[in-house]
Amino acid sequence: MLRCLIDKVVMRRAVRDMAEVRIVWRGGEITEMTVALPVNAVTALPRYAEMETRVLQLARAGADDAEIARRLTAEGHRSPSRTEVLCSTVQAIRLRHRLKVPPKRTRWAKIPGQLSVPDVATDLGVSVNWVSGRIRRGVIRIDRDPDTDRYLFPDTDKTMRALRQLRAGAIARIDLTQNHREQEGHQDA
């Protein structure tokens, strides 16, 4: 279909990674555009020196590879074969300069008034899998914290008493969802 509409296409390489394309349509109209071409290496990009400096600057400031890639893409940089900067491109530049990323924090900060699954497991003297398995099966009903996406238990005697009863087999289920707690509060009022 396009062959019927296009009279000719003229392509001229402007720089190593860009080409100017001119489409001449059957009716005489002309469309001109610049197209990014893939290159064989990141060092072949015309703005590589600028991108390298920026990667090192952002990495030393503590930004991770994904954030650096997003910023560089927004600033008009690209990877050799893509129009956006890839995390792997950022990582390659960073590692070429022996700049390692500080390890990510693997432990969550303690939230006052809340207990995490490992905290509850320790207090009950059971494994984390015991608590997680009961959450998955719906034996323990609890909402995820919207800020951290973790299951956080209220750090109250009532909660721990109910969890101990569950562990002992005295009760079959516990509902710690926000909706259930609000209903309880309303009924008690």
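Reader: Which residue in β3 stands opposite Met18?

Author: Ala36 does. Before going on: this is a predicted model, where local features need pLDDT of at least 70 and side-chain atom pairs count only at pLDDT 80 or more, while totals for chains, interfaces and linings use all residues. Residues are numbered from 1 along each chain as its sequence is written, and side-chain values use heavy atoms, with hydrogens and water left out.

Reader: What counts as a strand or a helix here?

Author: Both are DSSP runs numbered from the N terminus: helices are H or I with at least four residues, and strands are E with at least two.

Reader: OK, how do β2 and β3 pair?

Author: Strand β2 (residues 18–25) and strand β3 (residues 30–36) are antiparallel, with seven bridges. Pairing requires that DSSP finds at least two bridges between the strands. Arg22 stands opposite Glu32 in β3.

Reader: What about the turn between β2 and β3?

Author: The two strands make a hairpin with four residues between them, and Gly28 in that turn has a positive phi of about 100°.

Reader: Which strands make up the open sheet?

Author: Three strands, in the order β1-β2-β3, with antiparallel pairing. β1 (6–15) and β3 are the edge strands, each pairing on one side only. From one strand to the next the twist averages 20°; such angles run from 0 to 180 degrees between N-to-C directions, and axes are lines fitted to C-alpha atoms, for helices over the stretch in contact.

Reader: How many bridges join β1 to β2?

Author: Eight, in an antiparallel arrangement. Ile6 stands opposite Trp25 in β2, and Val9 has Ile23 as its bridge partner there.

Reader: Which residues of α7 are buried?

Author: Thr159, Met160, Ala162, Leu163 and Leu166. They sit on the same side of α7, because they cover an arc of only 160° around the axis. The arc is that of the directions from the helix axis to the C-beta atoms. Buried means under 20% relative accessible area, exposed over 50%, and partly exposed in between (1.4 Å probe, protein chains only).

Reader: And which exposed residues are on the face turned away?

Author: Asp157 and Ala168. Just after the helix, Gly169 has a positive phi of about 85°.

Reader: What covers the buried side of α7?

Author: The cover includes α5 (117–124), α6 (128–137) and β4 (114–115), among others.

Reader: At what angle do α5 and α7 pack?

Author: About 65°, with the axes 11 Å apart. Val120, Asp123 and Leu124 in α5 meet Met160, Leu163, Arg164 and Arg167 in α7, where contact means heavy atoms within 4.5 Å.

Reader: How do α5 and α6 pack?

Author: At an angle of about 120°, with their axes 8 Å apart. Residues of α5 that meet α6 include Val117, Pro118 and Ala121. On the α6 side, Trp130 and Ile135 are among them.
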